[in-house]
Amino acid sequence: MKVFVATRVSGEQREVLLDFLKDIKVALEQIGIEPYITELAPPQPDEATKLIRAFEHIDESDALLVIYKPGAASEGMAAEVGYAYGRKPVWILAQSGSDSKLFAAAEVLEHWADQEELMQKIRGLQ
């Protein structure tokens, strides 16, 4: 199974974000899910087409997994959810206390309090 992982990247410290995404990647791989995470993919020469490439990867995936944290909405993540809705299952793992209109698109919606609980939720996706 392949999943496209969507999460907000703006407003996050780059190293902290990358460590967080690497942990998500490992947790998914441990349960036999092949993740595609844009921020961990090799850089592309034309960043202007980043969203179009994301849509192509969503098409190649079996589901869209959103890791949702409270804060300002991410245009890219919202576009990815909108693109996937009706095409692929949308699974949202939302940090406790967050709320979004995007949650209405979720086939699976679960909340997590800390990173350890998030990893448990990810392992439960099998």
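## The main core

A nonpolar core is a set of buried Ala, Val, Leu, Ile, Met, Phe, Trp, Tyr and Cys residues joined through side-chain atoms within 4.5 Å. The structure here is a predicted model. Its largest nonpolar core has 21 residues. Seven of them touch the most other members: Val5, Ile24, Leu28, Leu65, Ile67, Leu118 and Ile122. Five elements each supply at least two residues of this core: strand E1 (2-7), helix H1 (14-30), strand E3 (63-68), strand E4 (90-95) and helix H4 (115-123). H1 gives the largest share, six residues.

Take Leu65 as an example. Leaving aside neighbours within four places in sequence, Leu65 is in contact with Phe4, Val5, Ala6, Leu28, Trp91, Leu93 and Leu125. There is also a second, separate core. That one has 17 residues, among them Ala54, Tyr68, Met77 and Val81.

## Helix H4 and its cover

Which residues of H4 are buried? They are Leu118, Met119 and Ile122. Seen down the axis of H4, the buried residues fall within an arc of 100°, so they line one face of the helix. The cover over these buried residues includes H1, E3, E4 and strand E5 (108-112).

Trp112 sits in strand E5. Its relative accessibility is 3%, so Trp112 counts as buried; the cut-off for buried is under 20%. Leu17 is 95 residues away from Trp112 along the chain, and their C-alpha atoms are separated by 17 Å.

Ala113 is found in the loop between E5 and H4. Is Ala113 buried or partly exposed? Ala113 has a relative accessible area of 48%, so it is partly exposed. Leaving aside neighbours within four places in sequence, Ala113 is in contact with Gln95 and Ser96. Ala113 and Glu34 are 79 residues apart in sequence, and 25 Å apart in space, C-alpha to C-alpha.

## Ala6 in strand E1

Ala6 lies in strand E1. With a relative accessible area of 1%, Ala6 is buried. Not counting residues up to four places away in sequence, Ala6 touches Leu64, Leu65, Val66, Ile67, Met77 and Glu80. Ala104 is 98 residues from Ala6 in sequence. In space, the two are 16 Å apart, C-alpha to C-alpha.

## Helix H2 and Ser61

Now turn to helix H2 (50-60). Its buried residues are Arg53, Ala54, Phe55 and Ile58. What covers the buried residues of H2 includes E1, E3 and H3.

Ser61 is in the loop between H2 and E3. Ser61 has a relative accessible area of 4%, so it is buried. What lies 2.8 Å from a polar atom of the side chain of Ser61? The backbone oxygen of His57 does. Not counting residues up to four places away in sequence, Ser61 touches Lys2, Val3, Phe4 and Lys88.

## Aromatic pairs

How many aromatic pairs does a search of the whole structure find? The search finds three. One of them is Phe55 with Tyr83. This pair is stacked, at 4.2 Å centre to centre with 10° between the planes. Phe55 lies in helix H2 and Tyr83 in helix H3 (residues 75-84), so the pair ties together parts that are 28 residues apart in sequence. Both Phe55 and Tyr83 are buried.

Tyr68 and Phe103 form another pair. Their ring centres are 5.2 Å apart and their planes are at 80°, so the pair is edge-to-face. Tyr68 lies in strand E3 and Phe103 in the loop between E4 and E5, so this pair ties together parts that are 35 residues apart in sequence. Both Tyr68 and Phe103 are buried.

Note on methods. Residues numbered from 1 in each chain as written. Predicted model: local features only at pLDDT ≥ 70, side-chain atom pairs only at ≥ 80, totals over all residues. Heavy atoms only, no water. Buried < 20%, exposed > 50% of the residue type's maximum accessible area, 1.4 Å probe, protein only. Helix = DSSP H or I, 4+ residues; strand = E, 2+ residues; numbered from the N terminus. Contact = heavy atoms within 4.5 Å. Arc of directions from axis to C-beta. Polar contact = N/O pair within 3.5 Å; in protein donor to acceptor, adjacent residues only side chain to side chain. Phe/Tyr/Trp six-rings, centres within 6.5 Å; stacked < 30°, edge-to-face > 60°.
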